[in-house]
Every structure is written in C-alpha cells, then in structure tokens.
Amino acid sequence: MSITHHFDYRLPTRVVSGLRSPAAACRLALALALALAAIVPLAPACAVETTTQSIVALVNDDPITGYEIEQRVKLAMLGTADVQQALQKKLKAKNINDQFKAFALKRLKANPPKSEAEQQQRIRQLQQQFVETIKADVMKEYRPKIRKAALDELIEERLKMQEAKRLGVISGDDEVDRVIKTMAERNKMTPDEFAKHVASMGANISAMRARIQASLSWADVIRRQFGHQIQVAAQGADRFSASLGGTDEIELRIHRILLGVAADNQKQVAERMSQAERIRAQFTGCQGTQALASAAGGARFDDLGERKPSSIPEPTRSLLLAAGENEMLPPSIGEAGVELWAVCSRKVIKAADAKRKSDEEDLRQKEFEILSKKHLKDLRQDAHIEIR
C-alpha cells in the first residue's frame, strides 16, 4: 500500500526588510502572507478546549486519547487541500492590503513605535499576526470536520493494528524508517530535518510514524489473508485493458467451428446446439480442433489466425478476452449458424507490454482495495467501540 501523505512546503528564502512605513508594508503584505501561510503554526485561537490526555474512545478496550486526536488533526491540516484552498482564497482577496492596513494601523496607533527600527520590527510582527488570524479563522471553520475524520482514522488504525498483532505481521521500525526517509528525500531533507520540519508545523513525527506503521502492517494483513485472491491472470489483465478501451494491445490466435443452420428452423437449431455441446466436451486443445470439425457432419473449421479483439463483435470479443489459452467457449448462435470459438494463444504487442504490466498492477491494486475495505468493515462490525 502506498503512502500518499507527501509534504512539499516551501520556506521563505529571505526576510523582507526595508519597510519604512505602514503603507509600504501594506503593499508587500500579500506576498509575505502567501509565504508565511505555509509555515506559521496554529494561532492560540485554535487551542484545544478539551483535556488532550483524556480517553476519547475505546476500541476493543484499546484507548484513544485526546492528545492522539489533536496530533492527527494537526497532521491532517498540513496537507488538507480544502484548508489550503480556503486559506489561499482569503489571502488572495482583492482587499487583502486594506485588511492588513486596518489591522496594522489600529495596533500601531494603540502602541506607537518610538523609532524607525522599532516600527520595522513591529510591522514584521504584525504581518505574522495578521496571517495567523486569517489562518485561525480557516482552521476554526474546518476543525470539527477534520477532528471527526481524525477520530475515525484512529479507530480504523486500532482495528488494523489489532488484526496485524493477531496475525503476527506488525511492521518494524526499520520499515517505517524507510518510508520516512523516502518522504524526506522528496522534500530534499534528511529524516531528522524532516522531523523538525513537521514539528515546526505544529505536528509530531510520531503521529506520522504511527500512521505509516498501521498502513504497512495492514497491507501485510491483506496479503496474508487474501493474497491468493489478488493474483491476476493474463486473461484478467486483458479483460481489464478491454474495459479501458485497450483491446488492441493484444492479439488472439483463434479457431472457429461453424455448424450451418437455417435461422428459422428451430428444431435444427436445437439439434446443432446439442451437437456443438458434444464437440466442446471432446475439445482438449487447439491441436485437435480441425479433427473435431471433420468428424462432425456438416461442420466447417476456420483457422482465423491472429486477430485483434476489436475485429470481433461483442459479446464474443469479451468472452474470448476472458478465456484462457486452449479454451473453447460455449456454443453461440451467429449469423451463419451455431459457432464454437476457441482461444489458441494470446500475444502482447511488444510496444504495449509496459502498459499491460501497468494495467495488471492497477487491477491488483483495485482488488486489494476492495478486499481491504471489506475486511476492515467486517472488523469494525464485530468490534466493541465506545465513544466517550
């Protein structure tokens, strides 16, 4: 299972200086606000009212504390697209400079600076306070939704880790370290620098590690329990490719036996269908298809060679894609009579091989996710969960 939480926050490269008046500061407020938005910690207005060490929920007698929930809230807020979009929208408002001007002048008037140097320092402080105020408003709006999601995530993680412990597949620290290292490298940091960066954003790296460990352990649980169901056969990948419109990335070598019949003669159609069923029962591979046709009275054998699936009408196309090599389909009625189709071999077009492998991986991932959701749902239904 891939870890999707990827952080790529940009830090300001220099400190804005040389602001000689509140008016000059206002002109640069938006640029600085956008830079600060990604790194300013939560303002005191977002402080948690409840006791973080209290037990908020029990999952099969395994407690979840308020502290854990708050850590997940902070972690979620680092990468929540809705929060970032709402914040950017407020910071890009047309009257953002006027808002900052009113904010700054009110505070400068209440406590006037005594020198130009002090004024510049105060302006920088006010810029940060201004962004903190806007950020606090956004966080206040989204916090209840994110907190609920954080609690739900922790409940599911408890269930995942309990199941992993039962099966003895809990991932070790070394596996978690490798994931953290990859995340750090993506952000051009060392693991220690990455941990400090996360801490500077108000979150704790241990919360991220717990989430990663649960994801890795759960992946092992699903592989242990359902790995045999996630194996993708060649025809399964071909069928998946066909559903995406990629049927011409393979070629099928096909045999067909045709039993002629008059379309309006229902008795003859029934007889031919019975004859076709007997032929199919004797089929052991494409090497004997022609002999089977010769032995059947009134049957025609066609070696259709290698065909792209798009040249074959539905529903026969999908049935052939789903069939294995040296497999004959059940008899069907075509325009000229009763037909027996057989897949002799399949060949992946070399140029499409990489995409086919990608389709196989996509299909495995989809099956993994379906089984994962079902197993987690079953665990949750059977669990004793108490929300306090």
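Which residue of β4 does H255 stand opposite? That would be D303.

## Ground rules

This is a predicted model, where local features need pLDDT of at least 70 and side-chain atom pairs count only at pLDDT 80 or more, while totals for chains, interfaces and linings use all residues. Numbering starts from 1 along each chain as its sequence is written, and side-chain values use heavy atoms, with hydrogens and water left out.

Helices (H or I, at least four residues) and strands (E, at least two) are DSSP runs, numbered from the N terminus.

Strands pair if DSSP finds at least two bridges between them. Eleven bridges tie β3 to β7 (residues 337-348), running antiparallel, and I254 has V343 as its bridge partner there.

## Helix α4, side by side

The buried set in α4 is I96, F100, F103, A104 and L108. They sit on the same side of α4, because they cover an arc of only 120 degrees around the axis (taken from the directions from the helix axis to the C-beta atoms). On the other side, D98, K106, K109 and A110 are exposed (over 50% relative accessible area).

## Around M161

M161 belongs to helix α5 (residues 116-167). Neighbours within four places in sequence aside, M161 is in contact (heavy atoms within 4.5 Å) with I170, Q213, A214 and S217.

Terms used
Buried < 20%, exposed > 50% of the residue type's maximum accessible area, 1.4 Å probe, protein only.
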